[in-house]
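Here is a friendly walk through the model shown below. Keep the structure open as you read, and follow each topic in turn.

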Protein chains: 4
Amino acid sequence: MTTMRRWDLSGFGRGSLQLKQVPVPEPGPGQVLVKAAAAALNYRDTLVIEHGMGLALDFPFTPASDLAGTVAAIGDGVTRFRPGDRVITTFFPGWVDGRSAGSAKTVDATTLGGAHQGVLAEYVALPEEWFVAAPRSLDLAEASTLPCAGLTAWFALVERGQLRAGQSVLVQGTGGVALFGLQIAKAHGAEVFVTSASEDKRERARALGADHAIDRDGWVEAVYRLTADRGIDHILELVGGAHLAKALEAVAVDGRVSVIGVIEGYDLSAAAMNLLLKSATVQGIRVGHRRALEDLVRAVDVMKLKPVIDRHYTLEEVPAALNHLDRGPFGKIVITFD
Amino acid sequence: MTTMRRWDLSGFGRGSLQLKQVPVPEPGPGQVLVKAAAAALNYRDTLVIEHGMGLALDFPFTPASDLAGTVAAIGDGVTRFRPGDRVITTFFPGWVDGRSAGSAKTVDATTLGGAHQGVLAEYVALPEEWFVAAPRSLDLAEASTLPCAGLTAWFALVERGQLRAGQSVLVQGTGGVALFGLQIAKAHGAEVFVTSASEDKRERARALGADHAIDRDGWVEAVYRLTADRGIDHILELVGGAHLAKALEAVAVDGRVSVIGVIEGYDLSAAAMNLLLKSATVQGIRVGHRRALEDLVRAVDVMKLKPVIDRHYTLEEVPAALNHLDRGPFGKIVITFD
Amino acid sequence: MTTMRRWDLSGFGRGSLQLKQVPVPEPGPGQVLVKAAAAALNYRDTLVIEHGMGLALDFPFTPASDLAGTVAAIGDGVTRFRPGDRVITTFFPGWVDGRSAGSAKTVDATTLGGAHQGVLAEYVALPEEWFVAAPRSLDLAEASTLPCAGLTAWFALVERGQLRAGQSVLVQGTGGVALFGLQIAKAHGAEVFVTSASEDKRERARALGADHAIDRDGWVEAVYRLTADRGIDHILELVGGAHLAKALEAVAVDGRVSVIGVIEGYDLSAAAMNLLLKSATVQGIRVGHRRALEDLVRAVDVMKLKPVIDRHYTLEEVPAALNHLDRGPFGKIVITFD
Amino acid sequence: MTTMRRWDLSGFGRGSLQLKQVPVPEPGPGQVLVKAAAAALNYRDTLVIEHGMGLALDFPFTPASDLAGTVAAIGDGVTRFRPGDRVITTFFPGWVDGRSAGSAKTVDATTLGGAHQGVLAEYVALPEEWFVAAPRSLDLAEASTLPCAGLTAWFALVERGQLRAGQSVLVQGTGGVALFGLQIAKAHGAEVFVTSASEDKRERARALGADHAIDRDGWVEAVYRLTADRGIDHILELVGGAHLAKALEAVAVDGRVSVIGVIEGYDLSAAAMNLLLKSATVQGIRVGHRRALEDLVRAVDVMKLKPVIDRHYTLEEVPAALNHLDRGPFGKIVITFD
């Protein structure tokens, strides 16, 4: 095998995506060559393809960040992995633990499928430090959903949120991060609320263990009613813009709102009094670091958590998969190789 | 002594304030009678006097929350204090530790000088649980500044913020909370930034130990320059409204903005990307609980912290003291009871 | 109903226990009268009966601390409860949240069934602050097991231990605290290890969800084998004495040993190198505070946790129940009233 | 300059130390060549020289871990440093943040001057990841004291201990870690207690800011007296063995004992009741990670902390410096190069 297929973007826009035949890369010193089994797509990938999210991409550019596969070969000096190991990528290759890189003025944007080339290819050769062992209890399609969506929910609820049994958690919608939030929260003994405009999706959320699946209209009042006014301890705010105000109405005293998504806008606004008088915390969540991904992998094996994949697509079907992302999947969209 | 003077509000507005001669109260079971030595005024007191801040006050209403004095007599069953003890009030009488009362829908507003009658009187008789021993190292005028302004800064930086030496702290302006923030941060070995529009006040802030006192215009750029773009770990956001956006520009990666003041508006707004990409925390701070006030009292004695009092007024001069508050004092305004 | 039955101790030793007919108490101001439904016994109760654990008991003395019942009447000024409310006691009546009372030299010993009279009576009249609402999902016999055994395990693992999914937890034996530890840890998504000398009890522990139930002999080596040498993140050390050394052999890097029980001795000893080189934490756990008990109550309802009761006894059968405690029950021993 | 001097151990024991002339090393890819300015010695170095502390040293072996110097040249791919940068070593080269390496069974021993060759040489060539920028406010002799003694005290009090103003801190003796503990605690606004058998050393500790310097005999009773029985919030336990029992007598309710030193023995013992009834924490401290060293460096610059150096020795005088260590210096012993 000397050539492979890889999706390349020649410029911004989905029309510029091409599936090319290119040489299989060689692992350099400290690198591993990974044969891809599956790649999970994120909404962020559609934004990078459209306009780069402010990054000056290096064309031809390969999108996507979340890959699961098997180590096919290792370069000189590699010690963390051996051929045959099942691995997943990390979203921020340089963020191992603790504080991330970057400054107040210039934040760290060195992500896979962003400042770094992405992973929509049959093989990738990357530093061994950029990978984590996949969970033993998941197949590689499932494992591919962890680096971004799984870790984001885990980082918000567990690493930063110190979630404990008996607390209430609310996730907005039924996308990838939301359903991971639901499952992680249930596995910690929390009471879980899901909002959705679709009764069908609410029903499926209940089947996954949600204690309460409520309509998006009037969700704050529903929360008051269902909690006897106590409110929600942890809210995953996935909508953005002025919707933050709603989250601060629903949050409990000393509660926490993790701001993750900005679908409805980049300008947050909210009433100060809800923030002040409830001593609430609003925290920006930006995926997470490698150590937390390793914690999540171990937890997935113990919790027996099965990621929710709405649909699998083949490598050729990436354009259809992106269209599916636009429509809002229930859980994750995964590309499976061969 | 059977009568005393007390400021009463017969209705909203400063014009309705009257200094009356009334009976000295008797301490009931579990209560202590405290002879006032000093009361510190807060900007919030001017708002309560003007419009009650949304509370339905019980007229005649006595304003103010922060009192220092000496126990004159004790009621049945009192065990925490004895006559002669020097004490200060707590702002939220019912909040001893941990989570405050209230729900997501109806927050706890049972503060002194709010839902409860206030303390601008020569004697008060209140439950012993509502007081804390005053610091040994302060006179009672100084001690009167702790329950609200001192505790707010302490709660934001230490109790919630886990401030440590070497971190950077920025306070906005030179009011009571800001100067406590400055002094507490210096006593923890932090690098302190103060913003002010007045060079005179900046000079006085430097004299108090501020490492950097910078103009309010262009303060974010000044922070970038002075920190080599690293930004600020803890910001006490005392302005409110759209100014939160500035704080999120200046905050460091993993930094924290404590939202305390809303002088410029109750509608917060900010760019989501600064929150997200820097994993910043925004937290509402609402004074604090009794245990933290006890911690602050001990710390004041050890740190040898001397609160900054801009000016003392007599009990008759309360109207002039309120006018001074309007103009923005440098530190605290204190009423001393001869 | 004007009289009731109550167990009284006329002096130290079980032989001094008598079931007496005494007047039903009246609730004073701030007190509630609770009609007992069940009382859970603890190993500590046998020690108090034998020798008072160093306390100078006030004879006649009623033992036991853990009661569940229904509010029968309320005294003046009671606001937290109404007649008909289902409640449980708190072990340390004065410890509401945060730091407990006491000093370095003289620790706080004001517990129910210790410095305070205990609860083995058909009615008790105690301050409303000494009770917490019982979980809705438990009957009162189950609820009676929470104040001491349930809270101890929760306080060690959750309140102090910040347990999270994917971590490993080991409990020693199958007594009340151990089985609560097992159940709470499983409800948080942890991997649970139980040690026991009895294959029958190991089998029952597995049925309760334990991932690994191992023999007490050679348990450290079994842990190494089952964790690929990684060790245990949270150990509930229920044996005491030199057994702490074993726990420090088995604990993971950065792991935590909660010292709870001292069955095998009051003199702890261990190798410093295991403590130092693994940066391990050893923490004394002394039941817990009221706020944590309220958290546990909410968690029990959400987790659907059912306490394990080995056997119920009637009020007359207290001596037999104490004998059962000596033999080491599987879970809790509960006295049920009529 | 092609040759340099280096201390080599040909076998265990100080008699086997030789100052040799050897080639200056070349920095390989990713390495920096550092010209030594100063090396601080630790008591641990004397143990490694005597018997290796259980490690199978690779002879000829160069001892010591704490070096400060200037980057003389850089290898391929180096990005963190440039020639001329002032740097200090890290004690655990592989421990960047979070949890350290190693397992429950086999702890990580990969330290400089231990499993790795040490730094008592005029030049060292080591991976750039093994260095941290030196504080701007210290000369290189002072900076050399941070990697081990400074970081140990910081890690115990600040990183793990979350020290805050107003708390009490006790350090045992006046060695390097103890005096760093004293200075760091004072810079955080803590009340500091030092024990020493020498009135001269107590006087010098007071001059450094200790609030109370007390005799080693009867120190627990002195603590009770000086704190009105409250006890100590943070104790740096530097003696070891049965002395832990004393620390647990003196510790405050909810207090913390950081076990660091084992001069008097490797077998810890203490009364369980002090641990249990005071909910005390005992934590092993093993220097610390690189991120904490970076935090300490920043804090040193802000706090204006000046490490206490008892005496400087030249490179030839290493044997005399080791003898000084045996006698117990006041603060640190530093080797200065030319």
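When copies of a chain are compared here, they are superposed by least squares on the C-alpha atoms of residues with pLDDT of at least 70 in both. With that in hand, chain B is superposed on chain A, with an RMSD of 0.1 Å, by a rotation of 180° with 0.0 Å of shift along its axis. Please bear in mind that this is a predicted model.

**How the chains are related**

- For chains A and B, the rotation is 180°, the shift along the axis is 0.0 Å and the RMSD is 0.1 Å.
- Which residue of chain B comes closest to that rotation axis? It is B:S269, whose C-alpha is at 2.1 Å from the axis.
- Of the interface residues of chain B, 100% are also interface residues in chain A, so these copies meet through the same surface.
- Chain D can likewise be laid on chain B, by a turn of 180° and a shift of 0.0 Å along the axis, and the RMSD is 0.1 Å.
- In chain D, the residue that comes closest to the rotation axis is D:H188, at 2.0 Å for its C-alpha.
- Chains D and B also meet through the same surface, because 100% of the interface residues of chain D are interface residues in chain B too.

**Domains of chain A**

- Chain A is divided into two parts: domain 1 takes in 3-149 + 288-336, and domain 2 covers 161-284.
- Between the C-alpha centres of these two domains of chain A there are 28 Å.

**Helices α3 and α4**

- Two packed helices are described by the angle between their axes and the distance between the axes.
- In chain A, helix α3 (residues 146-159) and helix α4 (residues 176-187) have axes that come within 8 Å and cross at roughly 50°.
- That angle makes α3(A) oblique to α4(A).
- Is the crossing of α3(A) and α4(A) left-handed or right-handed? The crossing is right-handed.
- On the α3(A) side, the residues that meet α4(A) are A:L146, A:A149, A:G150, A:T152, A:A153, A:W154, A:L157 and A:V158. Their partners in α4(A) are A:G176, A:V177, A:F180, A:G181, A:I184 and A:A185.
- By class, the contact of α3(A) with α4(A) has 10 nonpolar residues, 4 polar ones and no charged ones.
- In chain B, the axes of α3 (residues 146-159) and α4 (residues 176-187) come within 8 Å, crossing at roughly 50°.
- α3(B) and α4(B) are therefore oblique to each other, and their crossing is right-handed.
- Among the residues that make this contact in chain B are B:W154 and B:L157 of α3(B), together with B:F180 and B:I184 of α4(B).
- The contact of α3(B) with α4(B) divides into 10 nonpolar, 4 polar and no charged residues.

**Helices α1 and α10 of chain B**

- Helix α1 (residues 43-51) and helix α10 (residues 318-327) of chain B have axes that come within 9 Å and cross at roughly 115°.
- This makes α1(B) roughly perpendicular to α10(B), and the crossing of the pair is left-handed.
- B:Y43, B:T46 and B:I49 of α1(B) make the contact with B:L322, B:L325 and B:D326 of α10(B).
- This contact of α1(B) with α10(B) has 4 nonpolar, 1 polar and 1 charged residues.

**Backbone details**

- Most residues other than glycine have a negative phi, and most peptide bonds are trans.
- In chain A, the peptide bond from A:F59 to A:P60 is cis, with omega near -5°. You will find A:P60 in the loop between α1 (43-51) and β4 (66-74) of chain A.
- In chain C, the bond from C:F59 to C:P60 is cis, with omega near -5°. C:P60 sits in the loop between α1 (43-51) and β4 (66-74) of chain C.
- B:D229 is not a glycine, yet its phi is positive, at about 75°. Where does B:D229 lie? B:D229 is in the loop between α6 (219-226) and β11 (232-237) of chain B.

Conventions
Residues are numbered from 1 along each chain as its sequence is written. Chains are lettered from A and ligands numbered from 1 in the order in which they are written. This is a predicted model: local features need pLDDT of at least 70, side-chain atom pairs count only at pLDDT 80 or more; totals for chains, interfaces and linings use all residues. Side-chain values use heavy atoms; hydrogens and water are left out. Contact means heavy atoms within 4.5 Å. Axes are lines fitted to C-alpha atoms, for helices over the stretch in contact, and angles run from 0 to 180 degrees between N-to-C directions. Helices (H or I, at least four residues) and strands (E, at least two) are DSSP runs, numbered from the N terminus. Angles under 35 degrees count as roughly parallel, over 145 as roughly antiparallel, 65 to 115 as roughly perpendicular and the rest as oblique. A crossing is left-handed if the near helix is turned anticlockwise from the far one by less than a right angle, and right-handed if clockwise. Ala, Val, Leu, Ile, Met, Phe, Trp, Tyr, Cys and Pro count as nonpolar, Asp, Glu, Lys and Arg as charged, and the others, Gly among them, as polar. Domain bounds come from an automatic or database domain assignment.
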